[in-house]
Amino acid sequence: MEILNCRMLEVGLALLCLNALVLAAPPKREPGYDAWLRYDAIDDQATRRAYDQLPAVVATLGESNVMKAAEEELRRGVRGMLGRSLRVESRLPAEDAILLGPLDALRKTFPALDRNAALKADGFLLKTTKRDGHAYLIVTALNDRGVLYGVFALLRRMALGEPIAALDQQENPYAPVRMLDHWDNLDGTIERGYAGPSIFFANDNVVDNLSRVRDYARLMASVGLNACSINNVNANPRVITSAFLPQLARVAEVFRPWGVRLFVSVDFSSPQKIGGLDTFDPLDRRVAEWWKKKADEIYGVIPDFGGFVLKADSEGRLGPSAYGRTHADAANVIARALKPHNGVIFYRGFVYDHHMDWRNLKNDRAAAAYNNLHPLDGQFDDNAALQIKHGPIDFQVREPASPLFGGLEKTNQVIELQITQEYTGQQRHLCYLVPMWKEVLDFDMHAAGAGTPVKQLVAGRTFKRPIGGFVAVANVGASPTWLGHHLAMANLYGFGRLAWDADLTSRQIAEEWTRQTFGQDPQVVQTIVGLELDSWPVYEKYTGPLGAGTLTDIINIHYGPAPESSEYNGWGQWHRADDKGVGMDRTVATGTGYIGQYRPPVAKLYEQLATCPDELLLFMHHVAYTHVLKSGKTVIQHIYDSHYEGAEAAAGFVKRWRALKGRVDEARYEEVLARLEYQAGHARVWRDSICNWFLRKSSIADAKGRVGHYPNRIEAEAMRLTGYQITDITPWEAASGGKAIECVSRDRQCAASFRYDGRAGWFDLDVQYFDESDGKSTFKLFVGEQLIDQWAADDRLPTTKPDAHASTRHRVRGVALRPGDTVRLEAVADGGENAGLDYVEINPAEMQ
Ligand code: GCV
């Protein structure tokens, strides 16, 4: 809490306050739970007048729960946006009306609809037409789910202020599979979840109250998502035991009105672990019989069950290799059990050995998926699909498209993307991922000659596959904002929209989402869209430029900077930085040969240094630090510059957001501001950590003299300490100067102070401290005897050590200092947390 950010300067100035002026009464409080489905009242008069044409009646032809949901949603949306309650009719009324119904029912009365034969399953048609002097707005489709999607499309048009007077809008989904995966454990924890506990499970059971699951299914349906796998791919076999099935049936029931099919992840050794067999060999007749009986049993309880997701022979999960069988053997034994019920198995392509010998320069994790699965092309049954992560490593901030997409011709494939920001800031950093996904989806794999982008391959269009599409790991949690950061929800929305129409642009999606989520104020829309679009390039700049991977701790937390952690171990996320250069040599000529997995035109592009794009340079090549990039900069200078530019841009996000004060409701304004302030501080941790690490590795100085020189910084270890003790931080680059101070006094109360000797004026003081998850230390900042600010280290960052994950900045704005002032920090340590302090930086106050 900032208790005083205006101080009297004793140099004759009157009281100054650096707070921004509030522009107008802020909009109503918005917790974020409704996400983009807020249906805010339309207050633009011209738009409202245009919507006066909307009939007052809705007639629904069809009885299913999906049709009911469609009708209720329409009423809810119209009520919210226009303040009107539609009258409900169950037959075709002889008056102006909105008609919801399947095409075969409606075309008896409206034969002209026949001409719209191009509709596919889940597609919809919005059409205005006249009959007997009455005006009808028809929402129709081949199936009920299509009608539901049509209703959401109509409401979206209205929320965006688009015309609805003369409609003839037909849309079909880009691909049949549009699915979310969750890595929720039955105990309610979520692997790589950053927004609170599971909405599906608690205490080894499905939760009692499924209202959040219902609201989530509604969000899914609103963007055309039709399937959801609810448990971790590191699956607990219990999930398909007979005793658990009634619990799954409850979830399926809640999903059903929203057209979402339930999937679960299974453990490949289930026939042994829960089936009582002495084997799980996929070619053993008893195992095949077990899976068949299990599938029959599940469909007996959940007739519209979707099927299974399977992670096998990966990161310690058991798989077919236990019996010398192939991945096709494993997928097919389950596919055959699901087949009579129209079920599908998604077999994960994320198969690799995490005990590779790092000394062998020919070893390469990136090559694993292709090497393991490409030789089996054509051997998978038609109701099996390979679920392939978008890049060959693991959701790094920049990866090329997986070569496997371009290699499979006779196998179904779906792309796996990641909404939960495992390697991209864990929803503490803003990172709008749609542009990253678009780069991969639009990348031409040349699989059937030029013009075969990944999106067409995974949709099954290129090689006419029956199953194909888009999967993303969502990991929403019980947070009121679903993903823990209001602005991260653009990724959930964006995934759904792209899965529906992969040709939409990143900007279109960001604009749609912003206007539905934050309203139509042009300044708000422009600012938020701008922030979203800038965020991935900025995150890349300060966490992993030139394709080296996210230079984070890869062993465990995947969050803050820890560039050394990828090396000298078997996990294979190597960047191979040494004292001369950096990057993985994946060329065919001298490296691992990975590049040879691409079709020749793509391989040629990456193989040659001259043509390899700079942003993937270190993914494909090992080069000297002095190698000159296409920009004319050396690699090392680019690394330094990029981190400084990225951190500065992240600081700029705060300023850009602050300009929205009074234009966004107070709750969301403050919550987003806090996240962006945090991000700006942590971007600087990244900058300093990575730049200093490369400086030490390469011994090449920053041409601009910044790295290692922080003139405005007072290191904590150089302060006068009471109760505090100097500690070496591990790894050294996680703290400024490699050291910090920790409060180890018996009474847990400590102080650190220094004398300010600079010029008099207004300053912003940045206090860099370590906020661990094992305590809630408190800090007070004094100038002289005056208490300026106090705060608690209570952010629950993902570590119990003073390291780069915990390193946090608290900015105290607008502090008056004059030479001779004593700046003193008093701390009370708590629990396992020792109120660690790294430094204080004193910078001229930013104007508000
Ligand atoms: C669910 C990465 C993640 C794991 C995840 C795995 C996977 O390795 O760090 O948490 O496991 O990918 O996708 O299976």
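The model is predicted, with local features requiring pLDDT of at least 70 and side-chain atom pairs pLDDT 80 or more, while totals for chains, interfaces and linings use all residues. Residues are numbered from 1 along each chain as its sequence is written, and side-chain values use heavy atoms, without hydrogens and water.

Asp394 and Arg365 form a salt bridge, with the closest N and O atoms 3.7 Å apart; the term denotes a side-chain nitrogen of Lys or Arg within 4 Å of a carboxyl oxygen of Asp or Glu. Asp394 lies in the loop between strand S14 (384-389) and helix H11 (403-407), and Arg365 in the loop between strand S13 (344-348) and helix H10 (368-373), so the pair ties together parts 29 residues apart in sequence. Helices (H or I, at least four residues) and strands (E, at least two) are DSSP runs numbered from the N terminus.

The salt bridge count is 68. Asp296 and Lys292 form one of these at 3.1 Å, N to O; both residues lie in helix H8 (285-301), four residues apart. Asp296 is partly exposed at 32%, as is Lys292 at 36%.

Glu833, in the loop between strands S28 (822-828) and S29 (837-844), is buried yet has no salt bridge, the nearest side chain of opposite charge, Arg796, being 8.1 Å away. Lys and Arg count as positive and Asp and Glu as negative, with His and the chain ends not counted. The side chain of Glu833 reaches the backbone nitrogen of Glu772 at 2.6 Å.

Notes:
Buried < 20%, exposed > 50% of the residue type's maximum accessible area, 1.4 Å probe, protein only. Polar contact = N/O pair within 3.5 Å; in protein donor to acceptor, adjacent residues only side chain to side chain.
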